[in-house]
Number of protein chains: 4
Amino acid sequence: MGVAERKQREKEARIKSIKKSAGRLFAKKGFSNVSMAEIAAAAEVSKGALYLYFKSKEELYFSLIEPILEQHHKLIAEVIKNEEEPPDETLRKFFNYFANTYPNDPEVHQAYMYFRAEEIQPLFSEERFRQVTRRMAKNVQMVEDVIAKGIRQGIFKPINPRAVSSIVWSLVMGILRWEENRKYGGGRDQLQSTIEAAVNLLVDGLRVCSAEPDRFGHESKEQS
Amino acid sequence: MGVAERKQREKEARIKSIKKSAGRLFAKKGFSNVSMAEIAAAAEVSKGALYLYFKSKEELYFSLIEPILEQHHKLIAEVIKNEEEPPDETLRKFFNYFANTYPNDPEVHQAYMYFRAEEIQPLFSEERFRQVTRRMAKNVQMVEDVIAKGIRQGIFKPINPRAVSSIVWSLVMGILRWEENRKYGGGRDQLQSTIEAAVNLLVDGLRVCSAEPDRFGHESKEQS
Amino acid sequence: MGVAERKQREKEARIKSIKKSAGRLFAKKGFSNVSMAEIAAAAEVSKGALYLYFKSKEELYFSLIEPILEQHHKLIAEVIKNEEEPPDETLRKFFNYFANTYPNDPEVHQAYMYFRAEEIQPLFSEERFRQVTRRMAKNVQMVEDVIAKGIRQGIFKPINPRAVSSIVWSLVMGILRWEENRKYGGGRDQLQSTIEAAVNLLVDGLRVCSAEPDRFGHESKEQS
Amino acid sequence: MGVAERKQREKEARIKSIKKSAGRLFAKKGFSNVSMAEIAAAAEVSKGALYLYFKSKEELYFSLIEPILEQHHKLIAEVIKNEEEPPDETLRKFFNYFANTYPNDPEVHQAYMYFRAEEIQPLFSEERFRQVTRRMAKNVQMVEDVIAKGIRQGIFKPINPRAVSSIVWSLVMGILRWEENRKYGGGRDQLQSTIEAAVNLLVDGLRVCSAEPDRFGHESKEQS
DNA sequence: TATGAATGAGGCTTCATTCAT
DNA sequence: CATGAATGAAGCCTCATTCAT
């Protein structure tokens, strides 16, 4: 029994190690520029071992993408269900979610960011591809809902919520990518502060900029 | 002489054709998923001809990246030198620059977007790589200067200009990518409107949100 | 012009050389036991060159099988159209066809003999597979027709022509294989004489033999 | 003791099961297209267990071939020793032996049919290879002896007995293969009837046929 | 004794690059 | 200059075999 458990643990550790290495590499160099041999070497397993756990390179990639999409979905769903919460707060949480989870698993997040429809589609089975895009679409929809709620509540200006959702996702993904490049270039890690600045700008931009002086004072406190 | 000139013209046309085809393909499928044979076929030249004009696949890629960086640099330099122009207007122009030029040459812009330090570095000579990153750094610096000017002029809130510059670039790059994926997925092309919405949000977010009602009225006109 | 022609000739020579080597190897070791690297080495070309002329290993194999099937078909068709010719003579020609052509191109014939439905099917496209089996069926049919004619003419005993066709093909293929094995084992080449003996036995066995009614009656009892 | 016996029995059952599965698979797909994993799964043992009983894949294959050769040898020896029996009857028995035993164990017989000198030699140790070929040669010799006896007895025409032996073996092997392919193609199983038709034809062809001298003369001219 | 995870050699195929024409 | 056939390294994947348990 103890043996079986240990084996199970070891197996899981191995899978995790492979995923970690693969995620790092995919994130660093993109899907096609990473060879299975490279991944195997990074994970310190044999080439063959990769295929013990993942049917193919695509499967491995997918196994990295999929849980992130799932995770995002859940997170946002959770937040959105909180009807009490002001939408700007929700947005802040959304951004912070990335700022907080990204550093724990940057590689995997990046592999997701690196998802490019036109590059990936020919490599994946149609079903897999659709599965990913559908999930992504849902995630976008949820942000859209937050924005729409804000508009209904009169907190946000009446802007096309779908456009804002695109902007929000573009902004987050863009920043993650940007900061990663910066870090790689030797710059300091400023993900947290950049994300924070971004969400502040965004929320300020979205907000119905009030006429009352004290409102402004209140806002400037938040932004500082 | 006339012959020599014609030959020269033909040569240039050929190079242009190759670049166009290569740009389109790189943008569509990424660097590694495009073969030289594909590019040659698209440009209607022989594989060998590619190597007459470009030392390698990397060189060809670089030849696409480089002028864009140069172009960006010049454009922003131009704008920035216009000391009279309000910085928010400058930002608007910056975003519009992408919205306007991208559709003309989406391939090349995208090839630039795909430039990711860690992916590209192993493919390029160290010198080339440094050249590109240096150029990019300059571009970032120029946006930073615009923001700084806005802050000095009291038009923008006092936010770390470097952070804002990162955000601006992240946002633009993120949107281009995002919209490309959306387009590929069969969605309508909404690059123009998304960019416009984004810059409006950004400028509103940056602006010192005034207490005067009419200022607000003025702003909302711009945004609508 | 001369250059183009020479190139064409060289190309054809190369293809022929590849086919020759491939045929020899397939015949010797079967489809799956031969590697493309082996074929390339035997043909003294690079691995890549194989793919200049053949899309895949299967395609190469098919290119060896197909013309033989075609050839057989034509030959038998020709013979059969000769309505004047006694069927036993036709059979003799059929056997001699193999005895005569096999030594010129033993490898290719063997690659054909080596065709095994269950081994090949999973490796080939459904269409290719059907194409081959259909052609084979036609070839069998033609021999059947010869036998049927002989029976109608009263030259052959009334035996199920389809069974005889199977036997004829089995016999020819069996002998080619058998003799090849013998030759490989160091034995003398006796293909010609074996084939001749076989066809003599076969024709004698088929022929309405005895003049005496009761002898025939006796035989037919045995055969029924 | 009882335990030891049971273990022994279990072990033998296991070996038998492995051989059965392996034979079936080899027959269906050929030597190289069958993986050890496949065999293990079919036999419901672990991959490792295969190597407990067989040193290698080749050894396993050999263990299937060898007893058949042995069996053939014994059977024919038995038959031949029956000096009383008319040789045509012996031939009939020989053919029937295949027709009767093949369906019980088609896999193993086929694995034997696939034995082709040039394919197998590189896979086996020299000693093993020689062992198999020697055994086969003996088998051929025995058929030859039957034919020779028939000729001596005046029952068969005076034809080269060695040639006839080759033909007999070629015919049997050819038919087994042919019928297997037919069956795979969806056709009805006609092994029994085909074998019977074949032996009838063969015996008729071999037999000193006509009562009239000139008929025989005519024939013998053809055959010589 | 039995297992099956792990290994790594080797198979098919693609493709950047060269070079004879 | 231009071509495209040829090369061979490298990529993905399979599988016979081993070995720790």
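User: What makes the backbone of B:Met36 a polar contact of DNA strand E?

Analyst: Happy to explain, with the note that this is a predicted model, in which local features need pLDDT of at least 70, side-chain atom pairs count only at pLDDT 80 or more, and totals for chains, interfaces and linings use all residues. Residues are numbered from 1 along each chain as its sequence is written, chains are lettered from A and ligands numbered from 1 in the order in which they are written, and side-chain values use heavy atoms, leaving out hydrogens and water. A polar contact is a pair of N or O atoms within 3.5 Å; within protein, one must be able to donate a hydrogen and the other to accept it, and residues adjacent in sequence count only if both atoms are side-chain atoms. A polar backbone atom of B:Met36 is 2.5 Å from a phosphate oxygen of DNA strand E, so the pair meets the cut-off.

User: Which side chains of chain A pass that test against a phosphate oxygen of DNA strand E?

Analyst: Among them are A:Arg14, with a polar side-chain atom at 3.1 Å, and A:Ser46, with a side-chain N or O atom at 2.9 Å.

User: How do you know that domain 1 and domain 2 of chain A touch?

Analyst: Contact means heavy atoms within 4.5 Å, and 18 residues of domain 1 are in contact with 17 residues of domain 2. The bounds, 1-55 and 56-224, come from an automatic or database domain assignment.

User: What is meant by the area buried between these domains, and how much is it?

Analyst: Buried area is the accessible area (1.4 Å probe) that two parts lose on being put together, summed over both. Here it is about 1600 Å², with carbon and sulfur atoms giving 70%. On the domain 1 side, A:Phe26, A:Ala27 and A:Phe31 lose the most, together 37% of what that side buries.

User: How many salt bridges cross this interface of chain A?

Analyst: The rule asks for a side-chain nitrogen of Lys or Arg within 4 Å of a carboxyl oxygen of Asp or Glu, and it finds zero between domain 1 and domain 2. Three residue pairs are in polar contact there, both residues at pLDDT 80 or more.
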